[in-house]
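Good morning, and thank you for making time for this presentation.

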Amino acid sequence: MQTEVFDVSPELAAQWLTRNTNNRPLSKNTVQQLAGQIQRGEWQLTHQGIAFDEDHVLIDGQHRLAAIVKAGVTVPLTVTHGVPRTAFTVMDTGRKRTGRDALALAGEANATHLAAALRGLYLYLHAPNSAWSGAASVTSNDQLLVMLDQHPGIRDSLNHGIALNRGCRITVTAATIGWYVTSTARPEIDQSSWLEGVVTGALLESGDPRLTLRNTMLGLAAGSAHRRRDDSREHLLYYLKSWNAWVEGRRVKLLRRSPNETMPRISRHSGIAQAVGDA
């Protein structure tokens with residue numbers, strides 16, 4: 001076998017793809033993700049590249065080549081020739097490095113929850129009213145690390161998110177994002193009573209937004225509602241609607257989400273110094 005590093009242009013990538021005669025079906029989602037990384041300048045040269053067998057047939061790397069074509073950008077790539085055909089069955093069987101892996105390698109605590117929260121925060125900021133699932137919602141490991149660098153306060157918010165999750169079963173992701181975006185937008189507000197109320201529900205009257213959010217989340221977790229019980233986007237929408245009512249001093253007895261309802265903006269009003277009034 002012989003391995004070299006080539007600067008692979010979109011034209012060369014397209015030419016090499018014509019040698020792809022016996023490979024697995026191409027995943028459009030994977031190509032789109034890789035092309036996005038290339039266009040954002042996240043591409044890095046590694047030992048993983050493309051490979052041709054003894055007959056010059058492409059046996060590994062079709063997604064990388066297709067992504068180069070789609071991105072229209074030349075990138076360096078490790079290219080190996082003369083790989084035995086018998087090696088085809090054991091190629092690409094390793095586990096892909098996840099966002100959790102990248103954060104753990106960077107020394108971050110609670111890497112699983114942190115990765116989910118950073119991904120959710122990215123979607124909240126860039127696509128709040130789109131579905132947080134499917135190919136369009138995928139974020140790269142580099143994007144997560146950039147988000148963490150830009151929003152270091154998410155680490156502290158994660159601790160509050162975990163406490164809220166334990167108290168009322170809201171997803172850690174939704175609670176973390178909710179705490180982070182509200183405390184960032186309204187740093188002058190002391191949220192300790194918000195946290196205590198949602199977590200415990202103690203001494204709260206019917207219609208208090210904290211109690212309504214708590215009961216809604218517990219109901220979803222118990223399966224008493226028909227909506228998905230682990231939908232972080234929906235949970236965040238309920239969180240922000242309740243928080244807005246709390247900060248404005250409004251009473252809320254029921255939380256609902258209409259089919260086309262958009263993510264609430266964080267309220268700039270304040271009435272929490274007064275008793276919770278009628279809506």
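This is a predicted model: local features need pLDDT of at least 70, side-chain atom pairs count only at pLDDT 80 or more; totals for chains, interfaces and linings use all residues.

Residues are numbered from 1 along each chain as its sequence is written, and side-chain values use heavy atoms, with hydrogens and water left out.

Let me begin with confidence. The pLDDT is the predictor's confidence in each residue, from 0 to 100. Its mean over the chain is 89, and 90% of the residues reach 70 or more. Over residues 273–279, however, the pLDDT is below 50. Beyond near neighbours in sequence, that stretch has 11 contacts in the model, a contact being heavy atoms within 4.5 Å. Among the elements of the chain, the lowest mean pLDDT, 86, belongs to helix H4 (residues 99–105), and the highest, 98, to helix H8 (residues 172–185). Helices (H or I, at least four residues) and strands (E, at least two) are DSSP runs, numbered from the N terminus.

I turn to the sheet. It is open, has four strands in the order S1-S4-S2-S3, and shows mixed pairing; two strands pair if DSSP finds at least two bridges between them. S1 and S3 are the edge strands, each pairing on one side only. From one strand to the next, the twist averages 35 degrees. S2 and S4 run parallel and are joined by three bridges, and Ile50 stands opposite Val79 in S4.

Helix H1 lies across S1, S2, S3 and S4, at about 130 degrees to S1. Such angles run from 0 to 180 degrees between N-to-C directions, with axes as lines fitted to C-alpha atoms, for helices over the stretch in contact.

Which residues of H1 (residues 10–17) are buried? They are Pro10, Ala13 and Trp16, where buried means under 20% relative accessible area, exposed over 50%, and partly exposed in between (1.4 Å probe, protein chains only). These three cover an arc of only 125 degrees around the axis, so they are on the same side of H1; the arc is that of the directions from the helix axis to the C-beta atoms. The buried residues of H1 pack against several elements, including strand S1 (2–8), helix H3 (62–71) and strand S4 (75–83).

Next come the cores. A nonpolar core is a set of buried Ala, Val, Leu, Ile, Met, Phe, Trp, Tyr and Cys residues joined through side-chain atoms within 4.5 Å. The largest has 46 residues, of which Tyr124 and Tyr239 touch the most other members. Its largest share, nine residues, comes from H11.

I close with two residues. Ser242, in helix H11 (residues 232–248), is buried, with a relative accessible area of 1%. Leaving aside neighbours within four places in sequence, Ser242 is in contact with Trp194, Pro209, Leu213 and Leu255.

Thr139 lies in the loop between helix H5 (111–126) and helix H6 (141–150). Is Thr139 buried or exposed? Thr139 is buried, with a relative accessible area of 12%. Not counting residues up to four places away in sequence, Thr139 touches Arg119, Tyr122 and Leu144.
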